[in-house]
Amino acid sequence: WKKPLAPGSGCPAILAMAVWAARHEQVVHLDDFYLRRSKLGLRLPPDHRGIDRVASVFGRELWWDREREDEEIERLKRVLQGEYR
C-alpha cells in the first residue's frame, strides 16, 4: 500500500489512500475517489500509469470483478472528459 498511486508522475499519493477511501469514506466509484475525496483527478490523467492498480485495490475492497474495474476506469474517463476538460 506504500507504492505510488501514479508511478512516474511525481504525485506523492500512495495506494493506501485508495484503501482508506474504500473502507472509511464510503467511496463506491473511482471518479468519486479521484475527484471528490482526493482531488487527484484534477492532477492526474485517467490513463496514468497505475490506474489499473488503483481499480484493483478498489476491486478487492469493494468486491468488484475485473469487468466492474474496467467499467469504473471507463466511467472515470467519461467524467473527466465531459465535466473536467
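Tutor: Happy to. One definition before we start: contact means heavy atoms within 4.5 Å. Keep in mind too that this is a predicted model.

Student: Great. Let's start with α3, then. Which residues of α3 are buried?

Tutor: Buried in α3 are I51, V54, A55, V57, F58 and G59.

Student: And what do the buried residues of α3 pack against?

Tutor: They pack against α1, α2 and α4.

Student: How many residues does α3 have, and how far does it reach?

Tutor: α3 has 12 residues, and from its first C-alpha to its last it reaches 16 Å. That is close to the 16 Å expected at 1.5 Å a residue.

Student: What follows α3?

Tutor: W63 comes after α3, and its phi is positive, near 65°. W63 sits in the loop between α3 (51-62) and α4 (66-83).

Student: Q26 and W63, then: buried or exposed?

Tutor: Q26 is exposed, because its relative accessible area is 69% and the cut-off for exposed is over 50%. W63 counts as exposed as well, at 78% relative accessibility.

Student: OK, switching to the core. Which residues touch the most other members of the largest nonpolar core?

Tutor: That core has 26 residues, and L5, L30, F33, Y34, L40, V54 and F58 touch the most other members. As for where the core comes from, α1, α2, α3 and α4 each supply at least two of its residues.

Student: Take L30. What is L30 in contact with, leaving aside its neighbours within four places in sequence?

Tutor: L30 is in contact with I51, V54, A55, F58, W64, E72, I73 and L76. L30 also belongs to the set L30, D31, Y34 and L35 in α2, which meets E72, I73, R75, L76, V79 and L80 in α4.

Student: Nice, so how do the axes of α2 and α4 cross?

Tutor: The two axes come within 8 Å and cross at roughly 40°. α2 and α4 are therefore oblique to each other.

Student: Now aromatics. How many aromatic pairs does a search of the whole structure find?

Tutor: The search finds 3. One of the pairs is F58 with W64: the ring centres are 6.1 Å apart and the planes are at 20°, so this pair is stacked. Both F58 and W64 are buried.

Student: Last one: where does K2 lie?

Tutor: K2 is in the segment before α1, and at 77% relative accessibility it counts as exposed. The C-alpha atoms of K2 and M17 are separated by 9.3 Å, with the two residues 15 apart along the chain.

Student: Thanks, that helps a lot!

Terms used:
Residues are numbered from 1 along each chain as its sequence is written. This is a predicted model: local features need pLDDT of at least 70, side-chain atom pairs count only at pLDDT 80 or more; totals for chains, interfaces and linings use all residues. Side-chain values use heavy atoms; hydrogens and water are left out. Buried means under 20% relative accessible area, exposed over 50%, partly exposed in between (1.4 Å probe, protein chains only). Helices (H or I, at least four residues) and strands (E, at least two) are DSSP runs, numbered from the N terminus. A nonpolar core is a set of buried Ala, Val, Leu, Ile, Met, Phe, Trp, Tyr and Cys residues joined through side-chain atoms within 4.5 Å. The expected span of a helix is 1.5 Å times one less than its number of residues. Rings of Phe, Tyr and Trp (its six-membered ring) pair if their centres lie within 6.5 Å; planes under 30 degrees apart count as stacked, over 60 as edge-to-face and the rest as tilted. Axes are lines fitted to C-alpha atoms, for helices over the stretch in contact, and angles run from 0 to 180 degrees between N-to-C directions. Angles under 35 degrees count as roughly parallel, over 145 as roughly antiparallel, 65 to 115 as roughly perpendicular and the rest as oblique.
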